[in-house]
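Hi everyone, thanks for coming along. Let me put the structure up, and then we can walk through a few places in it together.

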Amino acid sequence: MKVTVFGIGYVGLVQAAVLAEVGHEVLCIDVDAKKVENLKNGQIPIFEPGLTPLVKQNYESGRLKFSIDAEEGVAHAQVQFIAVGTPPEEDGSADLKYVTAVARTIAQYMTSPKIVIDKSTVPVGTADKVRQVMGQTLQQRGIKLSFDVISNPEFLKEGAAVADCMRPERIVIGTDNPDAIEPIRELYEPFNRNHDRMIVMDIRSAELTKYAANCMLATKISFMNEMSNLAELLGADIEKVRQGIGSDSRIGYHFIYPGCGYGGSCFPKDVQALIRTSEQIGYQPKLLQAVEQVNAQQKYKLPTFVERHFGKNLAGKTFALWGLSFKPNTDDMREASSRVLMEQLWAAGAKIKAYDPEAMNETQRIYGHRSDLELMGTKEAALQGADALVICTEWQNFRAPDFDLMKSSLKSPVIFDGRNLFDPDRLEKRGFTYYGIGRGASVNPVL
Ligand code: UDX
């Protein structure tokens, strides 16, 4: 099948590459000419495991194409994906200007019926807006052409995007026209073998499903972070509690890891957007507000530990920082806890020597101008002469460091661990002072 994808961001590029991989003819359109040129030269704008070879192979085979020509994009296929960004407005609500711009463009150039699929995470009611914008544009052109608008939210995780897209747990389709489903079934057929993963519903339910999923996951994390704060005060160990509750199959082990707060492009933005949507319709979403507040607070956990240990004034102190991205296997630093930590430590006068396996260029882009930040080539180099180590991201290769080297490199053997990578007892035996999240007795004396 032929498919056009508007927007070569995270969602658009991964979806396009995966659709091309299974044999569809995919044309990607973006307004960013440089991005399009780079992609043609095999330069992928994001770090995502498996994506570079997938894009390269499919581009070379001719099944995946890139262009800035929107008219060509509209002419290319009956199925048109909208996968552009929905950045947050000042008040946290989703800005739909790119989505409606694409809708207008499609209606501007279309000369045959289209199926417009909304992949971007958009507030409930956006499909109606897309329909309205397209209807108006066609009316201005003075022509009558039929089109369907379908909501098909994307559930991929950064760092596992290609795998998630290749083997989706579910394919949510929101439509009010049963006739429009057949082409979508054909499109997703290669991903829908063995058992039917397609869940068909009305458009508004599909739009809300995406927000509900992300808000539920964010809620689990904030719940665990709240428990970790209680555990710390009560002298309990949240890691034991996590295993204790995870073994209940109704709760499960997934997404109950306490830490220094969730980040990324989705959870913070989507929780805020659903709060704004609720408020706009006169509903106070108390739980969602609490989820957001707990998370915002949690990002100050590590700076608070540092202050508890070293005092308020950190002038003359240097901290080794391991992990800058918001989670492992990505270079994305949007809403990362490391940013709050660095900004707090800098404000208190400290210097930072930072290392991340993938996010060094991104850190350079954001904070390259700062003289109180040194970007280090290895995790060991970051430790040299630092007063203590702070860990913000659970990269696999942070899990079994050379503790003897660590001890001899640091001025004082102190670790502030925002992801609970280590066993507090073992570290204590090795002579470290160890601060973890909700590790009760190791952080606080028992009440
Ligand atoms: C998320 C959703 O998982 C995905 O389905 C949706 O499409 C987009 O948003 P992503 O933002 O890529 O994906 O990251 P995810 O792996 O979900 O992690 C989000 C944040 O939560 C990270 O900062 C991570 O460190 C944190 N997290 C996750 C925890 O603190 N504890 C956990 O138990 C799980």
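Let's begin with arginine 197, which is partly exposed because it has 15 other C-beta atoms within 10 Å. For burial, C-beta atoms are placed from the backbone, and a residue is buried if 20 or more others lie within 10 Å of its own, exposed if 12 or fewer, and partly exposed in between. Before I go on, this is a predicted model, where local features need pLDDT of at least 70 and side-chain atom pairs count only at pLDDT 80 or more, while totals for chains, interfaces and linings use all residues. Residues are numbered from 1 along each chain as its sequence is written.

Arginine 197 is in the loop between helix 8 (181–188) and strand 8 (198–201); helices (H or I, at least four residues) and strands (E, at least two) are DSSP runs numbered from the N terminus. Setting aside residues up to four places away in sequence, arginine 197 touches Pro168, Glu169, Arg170, Ile171 and Asn192, where contact means C-beta atoms, placed from the backbone, within 7 Å.

Now, which residues come nearest to the ligand? Of the 19 around it, they are Glu158, Tyr257, Tyr262, Gly264 and Cys266. A residue counts as near if its C-beta atom, placed from the backbone, lies within 6 Å of the molecule. Helix 9 (residues 203–234) gives the largest share of this shell, three residues. And where does the ligand sit? Both domain 1 (2–201) and domain 2 (221–442) give residues to the shell, so the ligand lies between them; these bounds come from an automatic or database domain assignment.

On to the record: the unreviewed UniProt entry lists, under "binding site", a set of residues including Glu158, Lys210, Tyr257, Gly259 and Lys327. The listed residues span 173 residues in sequence and their farthest two C-alpha atoms are 23.8 Å apart, so they do not all gather at one spot. UniProt positions are in the numbering used here, feature names are shortened, and annotations may be inferred rather than shown by experiment.

Let me pick two from that list. Lysine 210 belongs to helix 9 and is buried, with 25 C-beta neighbours inside 10 Å. Beyond four places in sequence, lysine 210 contacts Thr121 and Pro153. Glycine 259 is in the loop between helix 10 (238–246) and helix 11 (267–280). Is glycine 259 buried or exposed? Buried, with 26 other C-beta atoms within 10 Å. Not counting residues up to four places away in sequence, glycine 259 touches Gly418, Arg419 and Ile437.

Conventions: Two residues are in contact if their C-beta atoms, placed from the backbone, lie within 7 Å.
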